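Walk me through this fold, piece by piece.

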Amino acid sequence: MSKISLEEYLSLTSMSSYDKESIEKIILYNKSLVRKYKFLKLDNDDYMSTWADMLPTGWRLKFGESLFKELKEVIKRDKLKDYKIVEIKEKFGVLRLYSFGGNEDTEAVAKKYEDVSQYVCQICGKPAEVVTLNWIGFYCKDCARKYFEEDDYGEIE
Ligand SMILES: [Zn+2]
C-alpha cells in the first residue's frame, strides 16, 4: 500500500465511519508522520490520530508541516529529548500550542505560528478576511458565506 497525501488523509479522516482499508491508510499515514516528527505521537499506540489532527484543517494545510519542521529543527539542535506537546487547540481564533521540555526557541516557534494563524482561514487555509462576531474566528470570505449567517461576521479591520 502506498502512502497517501495530506489532502487524501484529511478527506479520509473527515468520514463518520471507516472501512478496513481506510483504517490501514490512516495508520500508515500517521506512523510515517510520527517517524518524521516523534513529538506528534499521542500517548496511545493505535495511530488513528496524532497531535497534528488537533490543528484545524485550514491551518494544517497551510502551515502544519512548516510548524512541525521548525520545531523539529530546534529539538534536534538543542537535543531536547523530553520535548512533548501537551495540547494543541484553537483559542479566541488563534492557535495555542502547549508543550513540556522545550526551551525559548521552541516557544518562539509556537508563538510565531500563533501569530500566523490569525491570518489563515481555519477551514480552508486561504488568507483570512473576516472575523466572526459572537465568538472569535478568522475565515476567508468564501467559507464565511458558506458556513455562517451574514450577521455573524464582519471584515477584519
Ligand atoms: Zn476559507
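Helix α1 passes α2 in a left-handed crossing. A crossing counts as left-handed if the near helix is turned anticlockwise from the far one by less than a right angle, and as right-handed if clockwise. This is a predicted model, in which local features need pLDDT of at least 70 and side-chain atom pairs count only at pLDDT 80 or more, while totals for chains, interfaces and linings use all residues. Residues are numbered from 1 along each chain as its sequence is written.

α1 covers residues 6-13 and α2 covers residues 20-36. Helices (H or I, at least four residues) and strands (E, at least two) are DSSP runs, numbered from the N terminus. The axes of α1 and α2 come within 10 Å and cross at roughly 130 degrees. Axes are lines fitted to C-alpha atoms, for helices over the stretch in contact, and angles run from 0 to 180 degrees between N-to-C directions. The two helices, α1 and α2, are therefore oblique to each other. Angles under 35 degrees count as roughly parallel, over 145 as roughly antiparallel, 65 to 115 as roughly perpendicular and the rest as oblique.

Now the residues between them. From α1 come Y9, L12 and T13; from α2 come S22, K25, I26 and Y29. Contact here asks for C-beta atoms, placed from the backbone, within 7 Å. The residues of this α1 and α2 contact divide into four nonpolar, two polar and one charged. Ala, Val, Leu, Ile, Met, Phe, Trp, Tyr, Cys and Pro count as nonpolar, Asp, Glu, Lys and Arg as charged, and the others, Gly among them, as polar.

Step back to the domains. Domain 1 spans 6-52 and domain 2 spans 55-155; the bounds come from an automatic or database domain assignment. Their C-alpha centres lie 20 Å apart. Seven residues from domain 1 and 13 residues from domain 2 make the contact. On the domain 1 side, the class count is seven nonpolar, no polar and no charged residues.

The axes of α3 (residues 57-77) and α4 (residues 104-117) come within 9 Å and cross at roughly 165 degrees. That makes α3 roughly antiparallel to α4. Their crossing is right-handed. Among the α3 residues in this contact are W59, F63 and L67, and α4 brings residues including V109, Y113 and V116. By class, the contact of α3 with α4 has nine nonpolar, two polar and two charged residues.

Next, the strands. β1 (residues 84-91) and β2 (residues 94-100) pair in the antiparallel sense over seven bridges. Strands pair if DSSP finds at least two bridges between them. K84 stands opposite F100 in β2. The β1 and β2 hairpin has two residues between the strands, and F92 takes a positive phi near 50 degrees there.

Finally, an open sheet of three strands has the order β4-β3-β5, with antiparallel pairing. Its edge strands are β4 (138-139) and β5 (153-155), each pairing on one side only. β3 (residues 130-132) and β4 pair over two bridges. V130 stands opposite Y139 in β4.

How values were computed:
Two residues are in contact if their C-beta atoms, placed from the backbone, lie within 7 Å.
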